[in-house]
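Here is a short briefing on one structure.

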Amino acid sequence: MVEVATVDVPPGGAGAPPHRHSGPVFGYVTEGEMLFELEGESERVIGTGEAFWEPGGDVIHYQAANNRTDIRCRFVVMMICAPGAPMLTFVDEEELRARAHLRAPRPATAKPAR
């Protein structure tokens, strides 16, 4: 199964809580800036006109937050679902603690206000 969706994150919005997808996800930011973080990778900002992807499977997607407090972030995603599996599964606090060693180090300072 393939699903295509447009996601709007309001100014300063955190986006979806930590989750994983059963298959790969491909996306494109159409407005604003997304703060994006996958397990094992440092968080990064993806701006308007830039693409992103995640492998799906066991990898936790920690953030797809709006990096700006003054404008919305909008992106389009194409998600490919593994047969018989849910498209998206939220990760509970117990699993986050158990896998904390797999998360890239967090930035030591807060982001500048915009």
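Phe26 is partly exposed, at 39% relative accessible area. Buried means under 20%, exposed over 50% and partly exposed in between, with a 1.4 Å probe and protein chains only. This is a predicted model, where local features need pLDDT of at least 70, side-chain atom pairs count only at pLDDT 80 or more, and totals for chains, interfaces and linings use all residues. Residues are numbered from 1 along each chain as its sequence is written, and side-chain values use heavy atoms, with hydrogens and water left out.

**Aromatic pairs**

- The structure holds three aromatic pairs. Rings of Phe, Tyr and Trp (its six-membered ring) pair if their centres lie within 6.5 Å. Planes under 30 degrees apart count as stacked, over 60 as edge-to-face and the rest as tilted.
- Phe26 and Trp53 form a stacked pair, because their ring centres are 6.4 Å apart and their planes are at 20 degrees.
- This pair links distant parts of the chain: Phe26 is in strand E3 (residues 25–31), Trp53 is in strand E6, and 27 residues separate them. Strands (E, at least two residues) and helices (H or I, at least four) are DSSP runs, numbered from the N terminus.
- Trp53 is partly exposed, with 46% relative accessibility.
- Phe36 and Phe52 form a tilted pair, because their planes are at 50 degrees, with ring centres 5.1 Å apart.
- Here too the pair links distant parts of the chain, with Phe36 in strand E4 and Phe52 in strand E6, 16 residues apart.
- Both Phe36 and Phe52 are buried.
- Phe36, Phe52 and Phe75 are linked into a cluster by ring pairs.

**Charge over a ring**

- Arg103 lies over the face of Tyr62, 4.0 Å from the ring centre. The criterion is NZ of Lys or CZ of Arg within 6 Å of the ring centre and within 35 degrees of the ring normal.

**Salt bridges**

- There are 13 salt bridges in the structure. Each is a side-chain nitrogen of Lys or Arg within 4 Å of a carboxyl oxygen of Asp or Glu.
- Asp8 and Arg72 form a salt bridge, with the closest N and O atoms 3.9 Å apart. Asp8 is in strand E1 and Arg72 in the loop between E7 and E8, 64 residues apart.
- Asp8 is partly exposed at 41% relative accessible area. Arg72 is also partly exposed, at 34%.
- Arg72 also meets Glu31 in a salt bridge, at 2.9 Å from N to O. This pair joins the loop between E7 and E8 to strand E3, across 41 residues.
- Glu31 counts as partly exposed, with 28% relative accessibility.
- Arg68 and Asp70 form a salt bridge whose closest N and O atoms are 2.8 Å apart.
- Arg68 is buried at 17% relative accessibility, whereas Asp70 is partly exposed at 43%.
- A network of salt bridges links Arg20, Glu39, Asp58, Glu95 and Arg99.

**Largest pocket**

- The largest pocket holds about 230 Å³ of space. Its lining has 17 residues, and the closest to the pocket centre are Val7, Ala16, His19, His21 and Phe75.
- On a 1 Å grid over the protein atoms alone, a pocket is an open set of points with protein on both sides within 12 Å along at least five of seven lines. Lining residues have an atom within 4 Å of a point. The volume is the space filled by probe spheres set on the points, which are joined across faces, edges and corners; the probe is 1.4 Å.
- Strands E1 (2–9), E2 (19–21), E4 (33–38), E6 (51–54), E7 (61–66) and E8 (73–80) each supply at least two lining residues.
- E8 gives the largest share of the lining, three residues.
- By type, the lining divides into 12 nonpolar, four polar and one charged. Nonpolar covers Ala, Val, Leu, Ile, Met, Phe, Trp, Tyr, Cys and Pro; charged covers Asp, Glu, Lys and Arg; the others, Gly among them, are polar.

**Chain segments at either side**

- Met1 is in the segment before E1. Met1 is exposed, at 66% relative accessible area.
- Met1 and Pro83 are 82 residues apart in sequence, yet 7.1 Å apart in space, C-alpha to C-alpha.
- Pro105 is in the segment after helix H1 (93–98). Pro105 is exposed, at 75%.
- Pro105 and Ser42 are 63 residues apart in sequence and 7.0 Å apart in space, C-alpha to C-alpha.
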